[in-house]
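Please look at the sequence and the model shown here. The paragraphs after it go through selected parts one at a time.

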Amino acid sequence: MMKRIHAVATAAVLFTAATTTAQAGATFDAVKSKGFVQCGVSTGLAGFSSADDKGNWTGLDVDICRAVAAAVFGDAEKVKYTPLTAKERFTALQSGEIDMLSRNTTWTLTRDTSLGLNFAGVNYYDGQGFLVAKNLGVKSAMELDGASFCIQAGTTTELNLADYFRANKLSYTPITFDKSDETVKAFEAGRCDALTSDQSQLYALRIQLKNPESAMVLPEVISKEPLGPVVAQGDDEWFNVVRWSLFAMLNAEELGINSGNVDAMMESKDPNVRRVLGLEGIKGSGLGLDDAWAANIIRGVGNYAEAFERNVGMGSPLKIARGQNALWNKGGLQYAPPIR
Amino acid sequence: MKEHVPHPDLPPPISNVGVIGWLRSNLFSSWLNTGLTLLASYLIYLSVPPLIDWAFLRADWFGDSRDACNSGGACWVFVNVRFDQFMYGLYPAAGYWRINLAFGLLVLLAIPLFIERFNHKGLLAAAILFLYPVIAFQLFAGGSFGLEPVETTKWGGLTLTLILSGVGIVASLPIGIILALGRRSEMPIVKSVSVVFIEFWRGVPLITVLFMASVMLPLFLAEGSHFDKLLRAMIGIVLFQSAYMAEVVRGGLAAIPKGQYEAAEALGLNYWKSMGLIILPQALKLVIPGIVNTFIALFKDTTLVLIIGLFDLLGMVQTAITDSNWLGFSIEGYVFAALIFWIFCFSMSRYSQALERKLHTGHAR
């Protein structure tokens, strides 16, 4: 039964995809004419998208929506958010209910090819990691031979862990739980030596410990979970706008342009900086945007480092280290093609 | 002759009256009961003092960030800070008065319905059923009379729970009655349509209905013609609940003796008159507990909309606990939501009991 539903859903998605392909530029035009970006976000994920005390959406995923709005309209506030559950997210994109999806979505071959979607980039390199008590004295996952692990049941986490330990010829004992709350409680009560989950989650779980400083996240990352914004196939111009909004934030960080110094940087003599700020080079014409598109992103949202630190990094309660999300020239994976 | 003066009655043994007597007959009447009493007291001793300690004695009540929560008990600061969101969802704060006005208006309109001597109840009820929803919708959604438009994705919290359950209750009862009558009808088409409808909707779980409404339906609609997610969920809930309501009402119809139907016909009443004046008033009175039961279930079922990304009271709580500034206060949020749900469900249940007593005419079996 499930299989058949799946088949119908896939067929429906493909059908919709086929019909959208016919009208290129439709999404971009629609966005421009309605005056805001309709952005699908998570219904709640610490640091990535959640509503604050005032009801404003904040988070790293939310900032991508705001960056796109800043690029198109020069105003980062011109976004309307559609909170979506994991099951609904692709349908919402396919049916045109939302213009873009920025909802901690892992980029995989299946999703990129069979759903009529395009991944516009990676705004967070996530991956499975380990949380251990500091007093265990462990510095690397390789020292965890024979340890017991608290895991959330029914997730790929379990499979990744099995693969990793088998490949390294280590033994372990899994202890599974249904809810993340229970997993944390069990870890806190000492029922397991380590807790394993996606790294971004580990930091969120760590805050929930009575004494967060008593636990640490190990440096090993044992799976690839590149998370990024997604758009529907069929509007390449819109795809470019979303993709380059993200690249602009990364380029700005690389060149040291931030929301504080963007106006001062207008005086810069560095041709790279001048090209990003739309003072020379191709400016905004390639994307069909205002020349100041990238400057508007930096002014309204900030560069990637600012968004990262504010939402998930040291400026937030999560205190996630840059790690794989550092720029390519600082030992990380974040690499954006040049704006020129 | 000496008059016989009977001895004054001895007072009943101390072990049969007063507190001791009550304890003896209710709690310690046998070895089994004594054992159970002791066990229960022990369980209460184990659970209640720590609960009170957590929820009241060591709790933090006021503040504006998690730093205010350092006494180790419940952090009601979290509920305090988020209270408006739990009530109004993500609705813009400047528009809270519109929601308050809409609900205030409903209460004001409904008061005369409970006054015995008020004579125009039918007219007023019709106004509440047909006119009020239009006014309330204008207030909630805005867009006219100079009100700022507020899209339905921003509706949430207790407001959304009340809207969903209110619409569900008001719409499912009449549809349910029609379906119940249809199912007992002798007209083959009417009957089979009703049966198929009822059995179809009762045969699928509500969660499936909501999923279909939110995930599958948009795929089958023409490109670009998507209609509101809240509306889709609402229609799903109404159709689902009216099928259950139909079966409850049918139970009432079946309990009315055949003589009542025949008497109605003998009076020369047509179908609608005999149903409206004789059968339904009796049948509905019989099934008040069943109807209210369905209402309460519906009220609690509305929380399922959180799986399609609508923020009802529970969904709002779940979103609030993922704010990285407030991580780890899920228990406080859930306790608060549970308390609100309990208050509403308990009031509904008390109201239904009062209604039963009021309509009691001595025929109750």
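What follows covers the domains, the chain contact, a helix pair, a single helix and a single residue.

This is a predicted model, in which local features need pLDDT of at least 70, side-chain atom pairs count only at pLDDT 80 or more, and totals for chains, interfaces and linings use all residues. Residues are numbered from 1 along each chain as its sequence is written, and chains are lettered from A and ligands numbered from 1 in the order in which they are written.

In chain B, the domain assignment, which is automatic or from a database, gives domain 1 (18-50) and domain 2 (68-91 + 150-358). Their C-alpha centres are 40 Å apart.

Chain B touches chain A through 27 residues, which meet 34 residues of chain A; contact is counted when the C-beta atoms of two residues, placed from the backbone, lie within 7 Å. On the chain B side, H3 (76-88), H8 and H13 (313-320) each supply at least two residues. Helices here are DSSP runs of H or I with at least four residues, strands are E runs of at least two, and both are numbered from the N terminus. H8(B) gives the most, with 5 residues. By type, the chain B side divides into 10 nonpolar, 13 polar and 4 charged residues. Ala, Val, Leu, Ile, Met, Phe, Trp, Tyr, Cys and Pro count as nonpolar, Asp, Glu, Lys and Arg as charged, and the others, Gly among them, as polar.

H8(B), residues 206-220, also packs on H9(B), residues 229-255, at an angle of about 145° with the axes 9 Å apart. Axes are lines fitted to C-alpha atoms over the stretch in contact, and angles run from 0 to 180 degrees between N-to-C directions. Residues from H8(B) in this contact include Leu206(B), Val209(B) and Leu210(B), while H9(B) contributes, among others, Gly236(B) and Phe240(B). The contact residues divide into 7 nonpolar, 2 polar and 2 charged.

In chain A, H7(A) (residues 180-188) has Thr183(A), Val184(A) and Phe187(A) as its buried residues. Buried means 20 or more other C-beta atoms within 10 Å of the residue's own, exposed means 12 or fewer, and partly exposed lies in between, with C-beta atoms placed from the backbone. The buried residues of H7(A) pack against E9 (147-152), E10 (172-177), E11 (194-198) and H8 (199-207) of chain A. Just after H7(A), Gly190(A) takes a positive phi of about 80°.

Finally, Met348(B) sits in H14(B), residues 330-358. Met348(B) is partly exposed because 17 other C-beta atoms lie within 10 Å. Leaving aside residues up to four places away in sequence, Met348(B) touches Val292(B), Phe295(B) and Ile296(B).
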